[in-house]
Amino acid sequence: MIVAGVEVKISRLESIVEQIGEAVLATTETIERLAERVDTLSAQVEEQGRQVQQQGYQILALCDAVQTLTETQDDSLARLTQLTDTLERMTKLITGTED
């Protein structure tokens, strides 16, 4: 009877150890899948960071281009103003009308 009781306890312990082993394996698999997902998310975030950085460079280049265009437009406007003044003076000289 003592032997039977010991065998029952050993059987229960084996069952508990087996359940613990299964739980550890399941936890390990879950952690591995979670780690893979975290790695995937990290790669995506890193790629998005590169894209944002590239877009920042593109925005800076666009700002430089707009600034250059503005400066060129200012120069063109100044030249057009000079040309208009010159043409007005020439027209006055040709038509003989002085202010």
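Modeller: Let us begin with the nonpolar surface. In this predicted model, Leu80, Leu83, Leu87, Met90 and Ile94 form a nonpolar patch on the surface, and together they have about 520 Å² of accessible area.

Colleague: Where does Leu87 lie, and how accessible is Leu87?

Modeller: The general idea comes first. An α-helix has 3.6 residues a turn, so residues three or four places apart point the same way. In the present case, Leu87 belongs to helix α1. Leu87 counts as partly exposed because its relative accessibility is 44%, and a residue must be over 50% to be called exposed.

Colleague: Which residues form the negative surface patch?

Modeller: Glu29, Glu32, Glu36 and Asp39 form that patch. Asp39 is also part of helix α1, which covers residues 2-95. With a relative accessible area of 53%, Asp39 is exposed.

Colleague: How is the span of α1 to be judged against the expected value?

Modeller: The expected span rests on 1.5 Å a residue. The 94 residues of α1 reach 135 Å from the first C-alpha to the last, close to the expected 140 Å. After α1 comes Gly96, with a positive phi near 80°.

Colleague: What separates Thr40 and Gln53 in sequence and in space?

Modeller: Thr40 and Gln53 are 13 residues apart in sequence, and their C-alpha atoms are 20 Å apart in space. Thr40 lies in helix α1 and, at 43% relative accessibility, counts as partly exposed.

How values were computed. Residues numbered from 1 in each chain as written. Predicted model: local features only at pLDDT ≥ 70, side-chain atom pairs only at ≥ 80, totals over all residues. Heavy atoms only, no water. Patch = residues over 30% accessible without salt bridge, like charges linked within 9 Å, V, L, I, M, F, W, Y side chains within 5 Å. Areas by Shrake-Rupley, 256 points an atom, 1.4 Å probe, with all protein chains shown as cover. Salt bridge = Lys/Arg side-chain N within 4 Å of Asp/Glu carboxyl O. Lys, Arg positive; Asp, Glu negative; His and termini not counted. Charge placed at Lys NZ, Arg CZ, Asp CG, Glu CD. Helix = DSSP H or I, 4+ residues; strand = E, 2+ residues; numbered from the N terminus. Buried < 20%, exposed > 50% of the residue type's maximum accessible area, 1.4 Å probe, protein only. Expected span 1.5 Å × (residues − 1).
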